[in-house]
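The following exercises concern a predicted model. Each task is followed by a solution in steps.

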Amino acid sequence: MSGTSSPLPRRRGLNHRQREALWGYLFIAPWLIGFLCFVLGPMLFSLYASFTNYDITSRFDWVGVQNYVQLLTQDTRFWKALSNTAYYATFAVPLGIATGLLIAVLLNQEVRGQRVFRTIFFLPKVLTGVAVLLLWLWVFNPQVGLINTALYRLGVPENDLPLWFADPVWAKPALIIMSMWAAAGGFMFYLAALKGVPRDLYESAQIDGASSWRQFWAVTVPLISPVIFFKLITGISGALQFWSESLILTKGGPSDSTLFYGLYIWQTAFTDLRMGYASALAWILLLITLAITGVQLWFSRRWVHYEGEVR
Amino acid sequence: MNKTLFLLTAALLGSAGAQKVTLDLWAHWGSEQRRPTINRIIDTWNKKNPNIQVKYTFVPFDQLPTKTLAAIAAKNPPDVVVIDIRTTPLRASKNQATNLSRLGADRLKDQFYPNLWATATYKGEQYGLPFVTDSRFLYYNKDLFKEVGLNPNKPPTTWDELEAYAKKLDKKTGPVYQRIGFHPLYGSFGLESWVSNAGGSMWDEDRENPRFTNPTALRTLTWIKEWTDRLGARNVQAFRSSFGSGAQDPFISGKLGMIIDIGGYAATLKKYAPNMNYGMARIPTPTGQPGPGTSSGGGFNLEIPVGTKHPKEAFAFARYMATEGARIWAQEQNDFPGYKNASLSVTTPAFRMMSANMKYTEVSSAPRYAPSYGSILDKAVDDAVYRGEDPKKALEEAQAQVQRLVNSNR
């Protein structure tokens with residue numbers, strides 16, 4: 001080093017407020033830079049690419065709206081992937097919310113060993129990955145699997161047992177049942193919300209003679225509606241992006257019944273090397289997600305209650 | 001003092017940097033069984049070539065194509081990759097693989113099996129060196145043959161015989177199959193392989209346009225469908241779901257009387273079923289006569305991605321790996337090498353059979369305008385074989401879809 005450094009000149013012109021703002025920006029800078037470089041940048045790039053025949057390494061020519069026109073008018077697999085994804089979201093999201101809520105209500109009861117139960121139900125959130133998927137493959141095995149063995153014991157004739165992942169009719173329901181397991185771990189959100197519901201409201205309801213079912217619908221649900229709403233928004237956008245499980249378990253089959261939108265994008269981009277077309281697919285998905293979210297925000301005014309909100 | 005030290009370091013770095021090169025090799029071999037051999041091949045090279053040191057990076061099999069692609073796009077690719085033999089022409093056409101003809105690869109042509117060399121040829125130029133391949137065979141259980149009164153030394157040679165033998169081997173209690181003699185879609189031989197086996201092809205000569213509805217394809221799909229109908233589509237699917245690996249392997253556990261698998265399956269049988277009395281035969285054809293597509297194979301080529309800073313050194317190493325390296329690999333791993341000399345150094349019976357079967361083995365390339373056609377064709381097969389769709393209609397649908405893909409990718 002070249003001697004001691006001279007003291008920094010005192011900064012004038014920066015008052016306390018400005019200095020605080022500067023520090024603020026400095027602290028969020030890592031996120032901001034990350035967002036600009038790894039989210040916004042690639043998004044704009046993919047928007048541009050969706051109007052080209054980009055294939056990553058050899059061509060990048062402007063083709064106008066050709067990709068969009070082709071996928072909307074000629075591409076039967078696009079519509080197939082879209083309908084599979086819609087099917088999945090329609091069933092997986094409400095069932096997932098119901099499962100999480102039901103478990104949260106159960107775990108909110110005062111019984112012995114409640115901590116143990118809470119830990120057990122949180123496990124699905126911790127255990128994920130390919131190993132768990134392979135376990136599910138066994139659960140749904142038509143011949144030696146847990147579910148079909150149980151159905152057989154319950155008296156379902158051998159020839160009527162579902163073939164699950166081998167049958168286009170049952171492959172999607174199998175994936176939806178599978179998603180319930182992970183959704184169960186989401187009880188944490190609802191449990192936190194349930195804890196926040198004031199007890200005196202239940203007491204008043206009881207004095208009015210409301211049954212527990214009525215109490216649930218008239219007191220609990222409205223008061224935790226912001227959490228349900230949050231899970232609905234994130235759940236739908238998550239369900240629209242559901243696909244990696246189908247890549248590992250079914251490869252999109254049988255008969256394209258588990259060809260989900262994300263899987264189709266991935267295949268188009270990395271097997272066919274049609275990155276421009278895949279970008280167009282991705283943008284369509286973004287538009288669909290935004291539209292659904294917009295509609296939900298609009299409807300949320302009717303059923304979501306925020307504490308202290310004046311109407 | 002500081003200045004002197006700096007100059008000294010710079011001088012040292014400079015003189016070393018002028019000669020010494022480190023190459024990055026990517027491949028998917030990371031297992032306990034594969035790793036020591038690849039390490040041995042690289043160590044041998046590194047000892048002999050102090051100025052061209054090779055560093056090995058293991059990349060999981062399913063991530064290798066995408067990671068390589070991303071590295072090429074980022075202009076920082078590995079120098080040599082071991083990659084899927086079926087997609088070299090695709091990468092050549094997309095400017096991802098280096099033209100090796102310009103580095104002198106054409107002189108090596110005669111040292112490799114012609115069908116394997118051809119997998120890396122695009123528009124008359126060479127874009128890869130064949131490393132290893134495989135070939136498929138019919139494996140049959142001799143004890144089960146004896147049990148049902150078939151001659152264990154006379155495996156089937158025609159499709160009719162195959163079906164007659166299979167019927168004898170089927171074993172049923174009530175409506176449930178305990179054993180199935182053979183099914184064309186069990187094992188690793190799909191519709192496309194059966195069409196080649198019958199002397200046809202799903203593509204035109206240049207593998208540019210699909211012709212899924214050709215008579216051979218239609219006849220073959222109908223044959224598979226009739227086979228399935230006889231057993232019951234539901235039975236065929238449910239039965240398949242009971243297959244596992246290792247000791248649960250359907251052939252080892254006696255659930256299947258015959259199965260098609262690669263030559264290396266002999267090693268699996270040796271490991272998991274050392275006492276099994278089995279035979280290995282050429283895959284039956286409609287006429288009983290073998291042809292160029294009777295069997296099928298996959299495998300791996302060595303490629304030099306576009307953008308490497310050391311193409312000459314990379315080629316020198318790729319050449320060593322495809323020849324001397326392949327010899328070591330064949331001896332230790334029993335995979336069949338593309339380099340002819342290396343294939344002569346292994347003498348196990350399975351290996352000799354593979355060698356003899358090479359000229360009847362088709363190693364086809366993925367069509368470069370529709371690399372993902374497989375999933376569309378799979379759907380057609382699924383629909384026709386298991387779900388009662390008319391084979392002709394199923395193939396027509398797939399044909400139209402793939403043709404559209406080809407047209408828009410051209």
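**Exercise 1.** Determine how many residue pairs are in polar contact across the interface of chain A and chain B, and describe the side that chain A contributes.

*Solution.* The rule finds 16 residue pairs in polar contact across this interface, both residues of a pair being at pLDDT 80 or more. On the side of chain A that touches chain B, the elements giving two or more residues are α3 (76–107) and α12 (261–270) of chain A. By residue class, that side divides into 9 nonpolar, 11 polar and 8 charged residues.

**Exercise 2.** Identify the salt bridge between chain A and chain B.

*Solution.* The search across the interface returns 1 salt bridge. A salt bridge requires a side-chain nitrogen of Lys or Arg within 4 Å of a carboxyl oxygen of Asp or Glu. The side chains of B:Lys94 and A:Asp55 form such a bridge, with an N to O distance of 3.1 Å.

**Exercise 3.** State the area buried between the two chains and name the residues of chain A that lose the most.

*Solution.* About 2,600 Å² is buried between chain A and chain B, 50% of it on carbon and sulfur atoms. In chain A, the greatest losses to chain B fall on A:Thr57, A:Ser255 and A:Asp272, which together account for 20% of what that side buries.

Terms used:
Residues are numbered from 1 along each chain as its sequence is written. Chains are lettered from A and ligands numbered from 1 in the order in which they are written. This is a predicted model: local features need pLDDT of at least 70, side-chain atom pairs count only at pLDDT 80 or more; totals for chains, interfaces and linings use all residues. Side-chain values use heavy atoms; hydrogens and water are left out. Buried area is the accessible area (1.4 Å probe) that two parts lose on being put together, summed over both. A polar contact is a pair of N or O atoms within 3.5 Å; within protein, one must be able to donate a hydrogen and the other to accept it, and residues adjacent in sequence count only if both atoms are side-chain atoms. Helices (H or I, at least four residues) and strands (E, at least two) are DSSP runs, numbered from the N terminus. Ala, Val, Leu, Ile, Met, Phe, Trp, Tyr, Cys and Pro count as nonpolar, Asp, Glu, Lys and Arg as charged, and the others, Gly among them, as polar.
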